[in-house]
Every structure is written in C-alpha cells, then in structure tokens.
Amino acid sequence: MRMHVHRYERWWMTFGFSMLVLFLCIIFFAAFADNMNPPSGLQQIDPTRVAQTPPFDHPGLRRLSDGKYEVYYVAQIFSFNPQTVTIPAGSTVTFYATSPDVVHGFSIVDTDVNMMVIPGWVNAASHTFRRPGTYLLLCNEYCGIGHANMAAKIEVQ
Ligand SMILES: [Cu+2]
C-alpha cells in the first residue's frame, strides 16, 4: 500500500529538508573553512576562591611588552573589576575574565570581543585597538536586577 502525500505537502517537506541541509552546510563551512569553533582548552578556576587565586586576586592591566597588554577581569554582580583601563592606540590586548557568582557577558562595543563569563572558568579574547576613543565594556547576559548598570570602560589614547 502506498501512502498518498499531497503535492503541497511534498513541496513543503522538500523545502524544509533543503533548508536543513543548507543550514548544516553553512555550519560546516563556518567550522572548517572559516575555523569558527566554540572556545576550548579553557582554564578552570574555583569560583569560591576567585579573590584568593592569582592573577584574579589583583585584577587589572598588565603590560607584556610594547603594544602588548593583558587585562584580568572579575565580573561580579553588578560590576567589572577593573572599572577603567587605559592603553595606547595600536595595542593588542588579551582579556581574561571569570566570575565568582553567576554567568555574565563580556562584550566590548565596536569590537568583536564578545564572550560569556562562566563561574568556574576563565574565558579569553584578544583585540587590537587601532582607533583612540572610549570603548564600552558591557555585560550582555542577564545576571539580575542591576544588570543594566553593569559596564566598564577601556580608554584608548
Ligand atoms: Cu548582566
């Protein structure tokens, strides 16, 4: 016995299946050709001991060499520590962030730095700041009542 499938039904099934194949192709292309992958090999940290664990016991800016910096951030309800860092234009900065409480976001406006800050993990992202200006660092994961005020600044001079 052969099941009858209406013509429109068949069109939509073909359309749906084609879209699925198309999306999978895009994901595979992004992963293997563009090398876009979820962060891996991340560093772990005890979230109850962030304030005692170097280098997060002294969050802030470290100068590695000319034009190379790193910043260690603690994202905690509802602020970032440090609140402001100042670097010369043209610097490449690696941002390290962790959280002792809940999941936060770490997004720097006008850059492609956008990561999650997850308790128990240290996440990292780098950016080269070519243009001088004040860059806004925002939490973009809803973390509670004060979420909207959770921000910090990066001054590029
Ligand atoms: Cu938030």
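In this predicted model, Y135 stands opposite I154 in β11, and six bridges join β10 to β11, which run antiparallel; strands count as paired if DSSP finds at least two bridges between them. Helices (H or I, at least four residues) and strands (E, at least two) are DSSP runs, numbered from the N terminus. Residues are numbered from 1 along each chain as its sequence is written. Because this is a predicted model, local features need pLDDT of at least 70 and side-chain atom pairs count only at pLDDT 80 or more, whereas totals for chains, interfaces and linings use all residues.

**Overall build**

- The chain holds one helix and 11 strands, and from the N terminus on its elements run α-β-β-β-β-β-β-β-β-β-β-β.
- The radius of gyration of the chain is 22 Å, well over the 15 Å that the globule rule gives for 157 residues, so the chain is more spread out than a compact globule; the radius is taken over C-alpha atoms, and the rule is 2.2 Å times the number of residues to the power 0.38.
- Along its principal axes, the C-alpha trace spans about 75 × 35 × 30 Å.
- Buried residues make up 20% of the 157 residues, where a residue is buried if 20 or more other C-beta atoms lie within 10 Å of its own, exposed if 12 or fewer, and partly exposed in between, with C-beta atoms placed from the backbone.
- Of the contacts in the chain with a separation of 6 or more, 57% are between residues 24 or more positions apart; two residues are in contact if their C-beta atoms, placed from the backbone, lie within 7 Å.

**The helix**

- Helix α1 (residues 7-32) has 26 residues, which at 1.5 Å a residue should span 38 Å, and its end C-alpha atoms are 37 Å apart, which agrees; the expected span is 1.5 Å times one less than the number of residues.
- Of the 26 residues of α1, the number buried is zero, so this helix lies largely in the open.

**The open sheet**

- An open sheet of five strands has the order β5-β11-β10-β7-β8, with mixed pairing, and its edge strands are β5 and β8, each of which pairs on one side only.
- The twist averages 20° from one strand to the next, with axes fitted as lines to C-alpha atoms (for helices over the stretch in contact) and angles running from 0 to 180 degrees between N-to-C directions.
- Strand β7 is joined to β10 by two bridges in the antiparallel sense, and the bridge partner of I108 in β10 is L137.
- Strands β7 and β8 also pair in the antiparallel sense, over four bridges, with F106 opposite M115 in β8.

**The nonpolar core**

- The largest nonpolar core has 27 residues, of which V71, Y73, A75, F95, A97 and L137 touch the most other members; such a core is a set of buried Ala, Val, Leu, Ile, Met, Phe, Trp, Tyr and Cys residues joined through C-beta atoms within 7 Å.
- The elements that give two or more residues to this core are β3 (68-76), β5 (84-87), β6 (91-98), β7 (104-108), β9 (121-129), β10 (133-138) and β11 (151-156), and β3 gives the most, with six residues.
- Not counting residues up to four places away in sequence, F95 touches V71, Y73, F106, V113, A124 and A125.

**Loops and backbone details**

- Most residues other than glycine have a negative phi, and most peptide bonds are trans.
- The peptide bond from P54 to P55 is cis, with omega near 0°, and P55 is placed in the loop between β1 (43-44) and β2 (60-65).
- The peptide bond from I77 to F78 is also cis, with omega near -5°, and F78 lies in the loop between β3 and β4 (79-81).
- In the hairpin of β7 and β8, which has five residues between the strands, D110 takes a positive phi near 70°; with 11 C-beta neighbours inside 10 Å, D110 counts as exposed.
- N149 lies in the loop between β10 and β11 and is exposed, with 9 other C-beta atoms within 10 Å.
- N149 and V74 are 75 residues apart in sequence and 16 Å apart in space, C-alpha to C-alpha.
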